[in-house]
Amino acid sequence: MAHHPDAMKLCNACHLVFLIDNTYKINRYRLSLLDIVGVTPTGMTFSARFAYLEGEGVNNVVWALERFRGLFLRRDRLPVVIVTDIDLALKNAVKTVFPECINLFCRFHIDKNVKAKCKSLIGQNNA
C-alpha cells in the first residue's frame with residue numbers, strides 16, 4: 001500500500017469526501033489497482049492512497065481500506081462520504097471498514113450501466 005508523503009496531512013485536513021475505484025487486472029502484472037482520491041473544499045483532488053491487490057474479493061479490499069483508515073489521526077475525522085462504482089466487493093468493504101460513512105455511487109458508472117442496459121433492451125426489441 002503506497003501513498004504520497006503529504007497524504008496523511010491532506011486526509012486529516014480534507015476528510016469529508018473520498019472517491020474509490022478498483023480497476024481489474026489491466027496492468028502487466030494482472031493485479032487489481034485500488035485508487036483512493038480525496039476531495040478538498042475547493043473541489044481539487046489529491047491522491048490519498050493506492051494499492052495493488054492480488055484478488056478481487058472483499059477481504060483484499062477490506063485489508064486496503066483498513067490501511068487507509070490508519071491514515072486518520074482522530075476517530076471523529078473519518079470520511080463522511082465515500083463515492084464508489086457499483087462493485088459489490090468494494091461496497092461491502094466500505095460498509096465493513098467505514099460503517100458510519102455514507103456510500104454513494106458514482107454517476108458516471110450509473111449512466112454507463114443504464115446506457116448498456118438500454119442498448120441491450122433495444123437490441124432485443126429489434127431482433
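Helices (H or I, at least four residues) and strands (E, at least two) are DSSP runs, numbered from the N terminus. This is a predicted model, in which local features need pLDDT of at least 70, side-chain atom pairs count only at pLDDT 80 or more, and totals for chains, interfaces and linings use all residues. Residues are numbered from 1 along each chain as its sequence is written, and side-chain values use heavy atoms, leaving out hydrogens and water.

**View 1. Cys 106 lies in the loop between β5 and α4 (107-126).** Cys 106 touches Val 83 and Thr 84, leaving aside residues up to four places away in sequence; contact means heavy atoms within 4.5 Å. Tyr 29 is 77 residues from Cys 106 along the chain, and their C-alpha atoms are separated by 27 Å.

**View 2. Five strands form an open sheet in the order β3-β2-β1-β4-β5.** The pairing is mixed; two strands pair if DSSP finds at least two bridges between them. β3 (45-53) and β5 (102-105) are the edge strands, each pairing on one side only. From one strand to the next, the twist averages 20°. Axes are lines fitted to C-alpha atoms, for helices over the stretch in contact, and angles run from 0 to 180 degrees between N-to-C directions.

**View 3. Strands β1 (residues 17-23) and β4 (residues 81-84) run parallel.** Three bridges join them. Val 17 stands opposite Val 81 in β4.

**View 4. Helix α2 (residues 58-69) packs on the sheet.** The helix touches β1, β2 (32-39) and β3. Its direction makes about 140° with that of β3.
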